[in-house]
Amino acid sequence: MTRELSDPASKLVVRNARHGDVPAIAELSERVYAGTGLHGYAEGAVRGQINHFPEGQFVILVDDRVVGYCATFRVKEAVGLKRHTWGEITGNGHASRHDPDGDWLYGMEVCVDPDYRGYRLGQRLYNARKQLCQRLGLKGIVFAGRLPTLAKRLKKFGSVEAYVEAIRERQARDPVLSFQLRNGFEVIDIIPGYLTADHQSMGYGIHLRWQNPKVATNEEVKTSKDYGGRLPDSIRVGTVQYMQRRVLSFDEFLKMVAYFVDVVADYSGDFVVFPEMFTLQLLSIEDQQLSPAESIEALTKYTPRLIEALRDMALRYNINIIGGSHPTRVESGRVENISYVFLRDGTVHEQPKIHPTPNEVYWWNIEGGSTLHAIDTDCGPIGVLICYDAEFPELARYLTDQGIRILFVPFCTDERQSYLRVRYCCQARAVENQLYVVMSGNVGNLPNVANMDIQYAQSCILTPCDFPFARDGIAADTTPNVETVAIADLRPETLTMARNNGTVKNLRDRRHDLYRLQWLGK
């Protein structure tokens with residue numbers, strides 16, 4: 001049933017999609033595709049679309065309700081105008097094939113709330129696409145559209161080619177293709193196997209193109225940036241190699257943390273990173289060796305004060321804090337190893353460890369979380385993987401699909417072999433995903449704290465291995481097993497250059513036609 005905008009105070013707004021819209025967009029796509037055999041977008045995919053090309057994603061709002069969504073990204077002509085599948089060209093829905101130098105806009109998705117038909121929402125989204133294309137001075141818009149009436153009418157027309165021709169000649173009507181033709185798009189090909197799950201279209205994609213008339217007349221088009229937060233030329237990161245030693249009070253612990261936050265902030269840092277489990281130092285206050293259950297309960301009582309204190313530091317020192325990790329008993333009663341991320345605007349995010357190690361399960365009864373999200377910051381999207389999680393390449397790839405450029409890995413290892421497992425895997429994640437990886441570990445000893453007897457660490461800031469980066473793929477590192485800080489400036493632009501014009505192009509060269517990553521968690 002169509003909802004009418006009868007309230008004079010109601011407004012219909014078209015704007016760029018934001019991270020706060022992600023759950024609503026995912027829910028809208030599920031409702032739109034219900035009953036078609038197709039699935040809506042997971043939140044991670046929508047987050048990736050926004051992170052990869054913020055100005056290319058649009059929503060329509062009615063009184064803060066998302067009632068329409070449009071997703072696009074840029075491609076080069078040789079990519080967009082040749083035959084392809086939906087999975088190949090969209091990076092299986094994450095828009096990870098976005099090319100900042102692309103000369104065509106690829107139309108990945110348009111979906112409209114069926115309860116708001118009659119307000120030409122699809123037309124508004126197509127207009128927003130065309131305006132973006134002209135503002136950026138691109139050659140035009142290209143995509144492969146659905147043909148939802150094909151399966152029911154193929155027998156009458158004999159072939160898909162004959163049916164498409166009948167629609168072009170207005171001898172037949174399809175609600176999607178007819179609309180696209182009215183909007184000035186021309187059919188350039190019919191692609192079999194474009195999206196095999198689309199049974200209504202029998203897997204076909206109708207390859208369509210709209211040419212920008214302003215480019216054809218050589219009219220100058222100026223670009224403008226009217227979206228998102230800053231993505232600076234360089235991002236300064238400080239990783240803390242933190243000494244575990246006895247403290248007598250929670251306030252003494254906070255003074256140590258504040259010291260390192262202050263140091264990196266004095267160097268105009270954007271991020272300061274602490275190690276995994278660095279809060280286990282608080283157990284030394286008890287002055288006795290506690291059982292695992294007693295230890296968890298002792299730590300849990302500090303959680304509210306810890307979050308409040310580090311959030312206050314992020315605000316006071318104007319720096320984003322990756323707060324290592326802290327064993328936490330969550331509402332369900334489970335114990336999870338959670339990294340708290342404190343942004344300098346006062347926002348607090350949580351990232352649980354997905355894979356607890358055998359020691360964590362044995363000593364602390366820690367269970368793995370099921371959420372993995374890119375975190376939007378004033379320096380662009382980031383990701384956090386806690387120690388052992390960095391040894392699972394699927395997780396870093398999933399975050400990369402969501403658009404991260406920097407991956408933070410707080411770790412806690414007891415001896416050199418354990419450390420090197422994490423280190424080598426982090427270097428691999430930097431190479432295969434063409435991103436920066438920042439590691440932060442503990443040193444020192446806590447004799448009365450179970451599973452924290454000894455520590456080994458050499459914290460570092462890693463890069464891909466290619467000409468624009470440091471010779472060994474190491475932007476900065478520390479002397480092993482001493483308390484110190486390593487600082488480096490990281491340039492997102494250099495990553496963009498490497499991803500699109502590097503010696504190798506790991507992300508662009510992925511074979512989406514052969515394999516894909518599907519997240520089944522939250």
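The model is predicted: local features need pLDDT of at least 70, side-chain atom pairs count only at pLDDT 80 or more, and totals for chains, interfaces and linings use all residues. Residues are numbered from 1 along each chain as its sequence is written, and side-chain values use heavy atoms, with hydrogens and water left out. Helices (H or I, at least four residues) and strands (E, at least two) are DSSP runs, numbered from the N terminus.

An open sheet is formed by seven strands. Their order is E1-E2-E3-E4-E5-E7-E6, and the pairing is mixed. Two strands pair if DSSP finds at least two bridges between them. Strand E1 (12–16) and strand E6 (186–191) are the edge strands, each pairing on one side only. On average, neighbouring strands of this sheet are turned by 25° against each other, direction ignored. Axes here are lines fitted to C-alpha atoms, for helices over the stretch in contact, and angles run from 0 to 180 degrees between N-to-C directions.

Strand E5 (residues 140–145) and strand E7 (residues 205–211) run antiparallel and are joined by six bridges. Glycine 145 has isoleucine 206 of E7 as its bridge partner. Glycine 140 stands opposite glutamine 211 in E7. E7 also pairs with E6, in the antiparallel sense, over five bridges. There, arginine 209 in E7 is the bridge partner of glutamate 186. Five of the seven residues of E7 are buried, so E7 is largely enclosed by the rest of the structure. Buried means under 20% relative accessible area, exposed over 50%, and partly exposed in between (1.4 Å probe, protein chains only).

The loop between E6 and E7 holds aspartate 198. Aspartate 198 is buried, with a relative accessible area of 1%. Leaving aside neighbours within four places in sequence, aspartate 198 is in contact with Leu38, Arg146 and Gly203. Contact means heavy atoms within 4.5 Å. Helix H7 (residues 160–168) lies across E6 and E7 and runs at about 165° to E6.

Helix H1 (residues 22–33) meets helix H2 (residues 43–52). Their axes come within 9 Å and cross at roughly 120°. H1 and H2 are therefore oblique to each other. Angles under 35 degrees count as roughly parallel, over 145 as roughly antiparallel, 65 to 115 as roughly perpendicular and the rest as oblique. The crossing is right-handed. A crossing is right-handed if the near helix is turned clockwise from the far one by less than a right angle, and left-handed if anticlockwise. H1 contributes Val22, Pro23, Ile25 and Ala26 to the contact, and H2 contributes Glu43, Val46, Arg47 and Ile50. Six of these residues are nonpolar, none is polar and two are charged. Ala, Val, Leu, Ile, Met, Phe, Trp, Tyr, Cys and Pro count as nonpolar, Asp, Glu, Lys and Arg as charged, and the others, Gly among them, as polar.

The H10 side of the contact consists of Phe250, Asp251, Phe253, Leu254, Val257, Ala258, Val261, Asp262 and Ala265. The H12 side consists of Arg305, Leu306, Ala309, Leu310, Met313 and Tyr317. The contact residues divide into 12 nonpolar, no polar and three charged.

Strand E8 (residues 235–244) is mostly covered, with eight of its 10 residues buried. E8 runs antiparallel to strand E20 (residues 484–490), and seven bridges join the two. Threonine 239 stands opposite alanine 486 in E20. With strand E9 (residues 271–273), E8 pairs in the parallel sense over three bridges. Valine 237 stands opposite phenylalanine 271 in E9.

In H16 (residues 492–501), the buried residues include Pro492, Thr494, Leu495, Ala498, Arg499 and Asn500.
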